[in-house]
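Subject: Structure handover and findings

Dear colleague,

Please find below the structure that I am handing over to you.

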Amino acid sequence: VTRIDDASATDTFGARYVFANLEQTTVSANVRLNWSFTPSVSLQLFAQPLISSGAYTDYKELARPKSFAFRHYGENGSTFDPATGTVDPDGPGGAAPFQIDSPDFNFRSLRGNAVLRWEYMPGSALFVVWTQERSEEEETGEFHLGANAKRLLKAEPNNIFLVKASYYFNL
């Protein structure tokens with residue numbers, strides 16, 4: 001999660017390496033639709049929604065180098081206030097308290113495009129393309145699929161429109 005310089009953390013060479021468990025939920029999809037109206041006119045649609053939330057729990061620090069041993073905050077004399085993120089690694093001891101900013105996240109993204117293709121003569125085509133991207137994030141860490149989908153659809157979109165024409169010269 002973070003690294004805090006602390007001269008009293010002699011076991012880890014003057015720094016506290018803070019870890020936490022991550023509880024993450026992600027929903028994503030790749031959706032394609034190809035529709036041919038006639039042999040010369042077709043429509044291709046693509047959508048890629050993504051909703052991901054992560055909440056960090058069980059904050060702890062590395063106990064010693066080259067190990068998977070941890071000192072859990074809120075146990076064995078240390079204190080942890082989850083509301084403020086304030087940690088006192090040794091309670092009434094000499095180590096200074098510090099604060100951990102919440103790394104919790106909630107990320108939403110939707111990318112999509114539509115391509116209309118018209119072959120107006122053999123070998124020559126006109127393409128009309130619309131691409132849209134929208135994304136939004138916040139630091140809640142709570143996953144609610146319906147609410148996240150609604151917020152995603154209300155996010156400010158970035159639209160791109162393109163027109164491409166090709167012509168086959170038969171010499």
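Predicted model: local features only at pLDDT ≥ 70, side-chain atom pairs only at ≥ 80, totals over all residues.

Residues are numbered from 1 along each chain as its sequence is written, and side-chain values use heavy atoms, with hydrogens and water left out.

Strand pairing

Strands (E, at least two residues) are DSSP runs numbered from the N terminus, as are helices (H or I, at least four residues). Two strands count as paired if DSSP finds at least two bridges between them.

Strand E3 (residues 31-38) and strand E4 (residues 41-62) pair in the antiparallel sense over 7 bridges. These two, E3 and E4, form a hairpin with 2 residues between them. Within this pairing, Trp35 stands opposite Leu43 in E4.

Strand E9 (residues 105-121) is joined to strand E10 (residues 124-138) by 14 bridges, and the two run antiparallel. Ser109 has Ser135 in E10 as its bridge partner. The hairpin of E9 and E10 also has 2 residues between the strands, and Gly123 there takes a positive phi near 85 degrees. E10 is in turn joined to strand E11 (residues 158-166) by 9 bridges, again antiparallel. Here Val128 has Val163 in E11 as its bridge partner.

An open sheet is formed by 3 strands in the order E6-E7-E8, with antiparallel pairing. Its edge strands are E6 (79-81) and E8 (98-99), each of which pairs on one side only. Strand E7 (residues 86-88) is joined to E8 by 2 bridges, and Thr86 stands opposite Gln99 in E8.

Nonpolar residues, inside and outside

For burial, the terms are buried (under 20% relative accessible area), exposed (over 50%) and partly exposed (in between), with a 1.4 Å probe and protein chains only. A nonpolar core is a set of buried Ala, Val, Leu, Ile, Met, Phe, Trp, Tyr and Cys residues joined through side-chain atoms within 4.5 Å. The largest such core has 7 residues: Ile4, Val18, Tyr59, Tyr73, Val87, Phe98 and Ile100. Tyr73 has contacts (heavy atoms within 4.5 Å) with residues including Val18, Tyr59, Val87, Phe98 and Ile100, not counting residues up to four places away in sequence. In soluble globular proteins, nonpolar side chains tend to be buried together.

There is also a nonpolar surface patch of about 650 Å², made by Leu33, Trp35, Phe37, Leu45, Leu116, Val128 and Val163. A patch consists of residues with over 30% relative accessible area and no salt bridge, nonpolar side chains (Val, Leu, Ile, Met, Phe, Trp, Tyr) being joined within 5 Å and like charges within 9 Å. Strand E3 supplies the largest share of the patch, 3 residues. Leu116, in E9, counts as partly exposed because its relative accessibility is 36%.

Salt bridges

With a salt bridge taken as a side-chain nitrogen of Lys or Arg within 4 Å of a carboxyl oxygen of Asp or Glu, the count comes to 11. Asp6 forms one with Arg16, the closest N and O atoms being 2.8 Å apart. Asp6 lies in the loop between strand E1 (2-5) and strand E2 (15-28) and Arg16 in E2, so the pair ties together parts that are 10 residues apart in sequence. Both Asp6 and Arg16 are buried.

Arg117 and Glu119 meet through their side chains in a salt bridge (3.2 Å, N to O). Arg117 is partly exposed at 22% relative accessibility, and Glu119 is partly exposed at 27%. Elsewhere, salt bridges that share partners join Asp6, Asp11, Arg16, Glu61 and Arg71 into one network.

A further salt bridge joins the side chains of Lys60 and Asp58 (3.3 Å, N to O). Lys60 counts as buried, at 7% relative accessibility, whereas Asp58 is partly exposed at 33%.

Backbone angles

Asp58, in strand E4, has a phi near 55 degrees, a positive value in a residue other than glycine. Lys66 likewise has a positive phi near 55 degrees. Lys66 lies in the loop between E4 and strand E5 (70-72) and is exposed, with a relative accessible area of 89%.

With kind regards

Terms used
Areas by Shrake-Rupley, 256 points an atom, 1.4 Å probe, with all protein chains shown as cover.
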